[in-house]
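Me: I've just opened this one and would like a tour. Can you take me through it in plain words?

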Amino acid sequence: MDQLAEHGIMKPPKMQGLTPDQVTELKLKDDTDTFYPSGGPQDMPDDIGRRTGKAPNDAMRDVIRRTISEARAAISKDQVKLNVKMTKGMLDDVIDKLQGAVMIVYPMGLPDYEEVQIILDDDEDLTGTQMAKEVIPSEDARLWWANKELDRRKKLMDFIGKNEKTKIICKIQKKGQGPPAREPLYDEQTQKEMIAYAYKKQEEFKKLDATDEDEYLNSPWADSSSLKRQLHGTHNISFK
């Protein structure tokens with residue numbers, strides 16, 4: 001939807017990536033003008049040539065952006081820290097809001113080949129794509145915790161006990177994939193702080209090493225003029 005807000009709807013599949021001259025030469029029909037945004041379009045060319053470049057105006061673009069931001073916040077992992085439970089009803093509400101935003105900005109609807117519409121209609125075909133590996137059908141999903149697979153035929157208390165205040169973090173794996181990779185000992189923020197601290201200490205040690213290397217220059221035996229002053233009897237003279 002970010003791309004829809006930035007560059008308008010997608011071109012017909014046969015026209016994607018082609019220049020206007022190539023479209024004319026191949027006599028391809030462009031029907032994208034029937035799907036215009038509310039308030040009229042703005043010219044925002046798409047460098048890769050997949051979208052028309054006729055983007056919504058600033059006000060309509062903000063409608064889409066604001067809805068996207070709210071949707072991301074609703075499904076963010078930060079909700080776990082706030083003890084907000086994710087439910088199917090919440091996901092349905094997010095999708096309804098996204099569809100509503102699209103209808104506000106594009107009252108004539110979107111073409112059937114537009115990716116946003118396909119995703120909102122849940123008709124996306126991920127076969128052969130990298131994203132297909134990230135989608136796990138419910139019947140093939142397996143929950144893992146503490147390097148153990150949680151058997152669906154058992155209750156959760158069979159694995160973690162009867163303490164209702166116990167909090168665990170589970171991972172979903174596809175059937176037959178085995179246990180998921182272990183979580184790092186420290187979260188990303190802690191790792192950054194540790195790296196910054198280590199770098200700071202390293203710089204401090206460098207300064208100390210440099211100081212130690214030059215410290216001997218202040219010693220009396222390192223004074224190249226010391227012998228000369230002693231021969232002239234001026235080595236004990238000091239100035240106030």
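**A first look**

Reply: The chain has nine helices and five strands, taken as DSSP runs numbered from the N terminus, with helices being H or I of at least four residues and strands E of at least two. This is a predicted model, where local features need pLDDT of at least 70 and side-chain atom pairs count only at pLDDT 80 or more, while totals for chains, interfaces and linings use all residues. Residues are numbered from 1 along each chain as its sequence is written, and side-chain values use heavy atoms, with hydrogens and water left out.

Me: In what order do the elements run from the N terminus?
Reply: They go α-α-β-β-α-α-α-α-β-β-α-β-α-α.

Me: What percentage of the residues is buried?
Reply: Of the 240 residues in the chain, 20% are buried. Buried means under 20% relative accessible area, exposed means over 50%, and partly exposed is in between, using a 1.4 Å probe and protein chains only.

Me: OK, salt bridges. How many does the count come to?
Reply: The count comes to 14, where a salt bridge is a side-chain nitrogen of Lys or Arg within 4 Å of a carboxyl oxygen of Asp or Glu.

Me: Which residue does E114 pair with?
Reply: E114 pairs with R51, and their closest N and O atoms are 3.0 Å apart. This one links distant parts of the chain: E114 is in the loop between α5 and α6, R51 is in the loop between β1 and β2, and 63 residues separate them.

Me: Is E114 buried or exposed?
Reply: E114 counts as buried because its relative accessibility is 0%. R51 is buried too, with a relative accessible area of 6%.

Me: And what does D33 form a salt bridge with?
Reply: With K54, at 2.8 Å between the closest N and O atoms. D33 sits in the loop between α2 and β1, and K54 in strand β2 (residues 54–56), 21 residues apart. K54 counts as partly exposed, since its relative accessibility is 35%.

Me: Where do K192 and E188 lie?
Reply: Both are in helix α8, four residues apart, which is about one turn of the helix. E188 is exposed at 56% relative accessibility, and K192 is partly exposed at 49%.

Me: Last one: what is the phi of K27?
Reply: Near 55°, a positive value in a residue other than glycine. K27 is in the loop between α2 (20–25) and β1 (41–43), and it counts as exposed because its relative accessibility is 76%.
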